[in-house]
Amino acid sequence: MNITKKQHYVSQGILKNFLNEQGKVFELLIEKKLIIPKRIQDTMEQNYVYEHPALETNTLERKFGEIESLIFPQIDKIIAELEQGYKNDMSAFKYIRQIKKMIPLLLVFYFRSGALLHEYEFSSDNYKLDRVERMIANIFSSSYINGLSQTVCNCYDTAIIVDESEQFLISDQYMSTVALKYKSRFANASNRQIGMKETMILLPLSAKFYVVFYNGHIPPYIVKDKISILKPEEVQWINDVIIRNSYVECVGKYKQELERVKEDEIISFEPGKCLLRYSDGTLKDHIIKREVFFYEEDWDLSRNSYTYMTEYLGKIKGKVGRNSLCICGSGRKYKHCCMHKYGLIKDILFAIQNEGSVYYHIPGAIEVEAAIEEFSGKETELTNRQDKEILMKIDELMKTQEKEQMK
């Protein structure tokens, strides 16, 4: 049997809806900040990416092909119907109803995507094997996929957004996720996991149409159960989310938006690591998604949360009233200045102090997207070289601090 060399982690059946008049797409190589025109056969792919020695050749490629043959005719039909009808009837309901029937299979596309593969292999000593094994653990768990699908379909509100200039980008994560509110930092999750409160999922149909699933305070140009035609600056805000979901590459129909987003500082960040060491010698090791927030105030909180917590506890709590002058020196009253920001910090501190009574999943969620677990067991059983080095550095740092405290 011939092996498929170029294996696409975002399918050509999706990418074809981003083709321009020259029959190509533009690909941004993020690390190099290089934009190249490509055939869809030559983008969002990697040689033999889904092969594993324990599987028969092309096993996963055939399985994905079966799913694609079911999904793409339906998606193409929805796009054609939207093209004909969105200006006359701004109701999104009938299109969303069709999309929801496909969510379990669309989640498979999400978990097989390039960004997820990048996370699966992050810091791995055997990345070619680990990325496939971790992907399989997600996509072949029917209870996980079905539970997550029910959460998306039943717990999120929906809308469709339109860019008539067809400037929407597509991430190598396929579906893009973003936090609509900063939450306290988690040991084993980012703020944007599917199934959490205050999150938004952007599902690409084409360079013109995106489906939106959301929970929380969305921007006013996204309207529940409606089709909204976006202004150019609104398209840019959506594309900022999409590029920040990308790790290796991002694709667009035209070059313009890729030129704008390629200097974004956020896309230089890798996934995170979380090592939890317990007193009984147990160790838990997770890979955490890069944080992505929709609103600037949440980016600000993410960057400066420790500073703001220190300021709140030391300078504000019990000392500054609503009508006091704000501590920032603006000359305005606290209630008209920084009270909202420190109010969010107060909520975060409450969540930290009352961990057992604060829940971040959407009420009614059947399943919440799980972090990528690399290891769970006795620390002595850990084999990953990079993690061992991290733990050694932590131990050395702690010993240094203990010596300094004893002086």
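The points that follow are grouped by topic. The model is predicted. Its largest nonpolar core holds 115 residues, and its second largest pocket has a volume of about 340 Å³.

**Nonpolar core**
- Within the largest nonpolar core, the residues that touch the most other members are I99, L106, Y174, M200, I222 and I238.
- Helix α2, residues 59-85, supplies the largest share of this core, with nine residues.
- L106 is one of those residues with the most core contacts. Leaving aside residues up to four places away in sequence, L106 touches I71, I75, I99, Y174, M175 and L203.

**G65 in helix α2**
- G65 is located in helix α2.
- G65 counts as partly exposed because its relative accessibility is 31%, and that class lies between the limits of 20% for buried and 50% for exposed.
- G65 and V178 are 113 residues apart along the chain, and 29 Å separates their C-alpha atoms.

**Second largest pocket**
- The second largest pocket has 19 lining residues, and R185, K289, R290, E291 and S302 are those nearest its centre.
- Two elements each give two or more residues to this lining: β12 (272-277) and α10 (296-316).
- Sorted by class, the lining of the second largest pocket consists of nine nonpolar, eight charged and two polar residues.

Note on methods
Residues are numbered from 1 along each chain as its sequence is written. This is a predicted model: local features need pLDDT of at least 70, side-chain atom pairs count only at pLDDT 80 or more; totals for chains, interfaces and linings use all residues. Side-chain values use heavy atoms; hydrogens and water are left out. A nonpolar core is a set of buried Ala, Val, Leu, Ile, Met, Phe, Trp, Tyr and Cys residues joined through side-chain atoms within 4.5 Å. Buried means under 20% relative accessible area, exposed over 50%, partly exposed in between (1.4 Å probe, protein chains only). Helices (H or I, at least four residues) and strands (E, at least two) are DSSP runs, numbered from the N terminus. Contact means heavy atoms within 4.5 Å. On a 1 Å grid over the protein atoms alone, a cavity is a set of points where a 1.4 Å probe fits but cannot get out, and a pocket is an open set with protein on both sides within 12 Å along at least five of seven lines; lining residues have an atom within 4 Å of a point. Grid points are joined across faces, edges and corners, and a volume is the space filled by probe spheres set on the points. Ala, Val, Leu, Ile, Met, Phe, Trp, Tyr, Cys and Pro count as nonpolar, Asp, Glu, Lys and Arg as charged, and the others, Gly among them, as polar.
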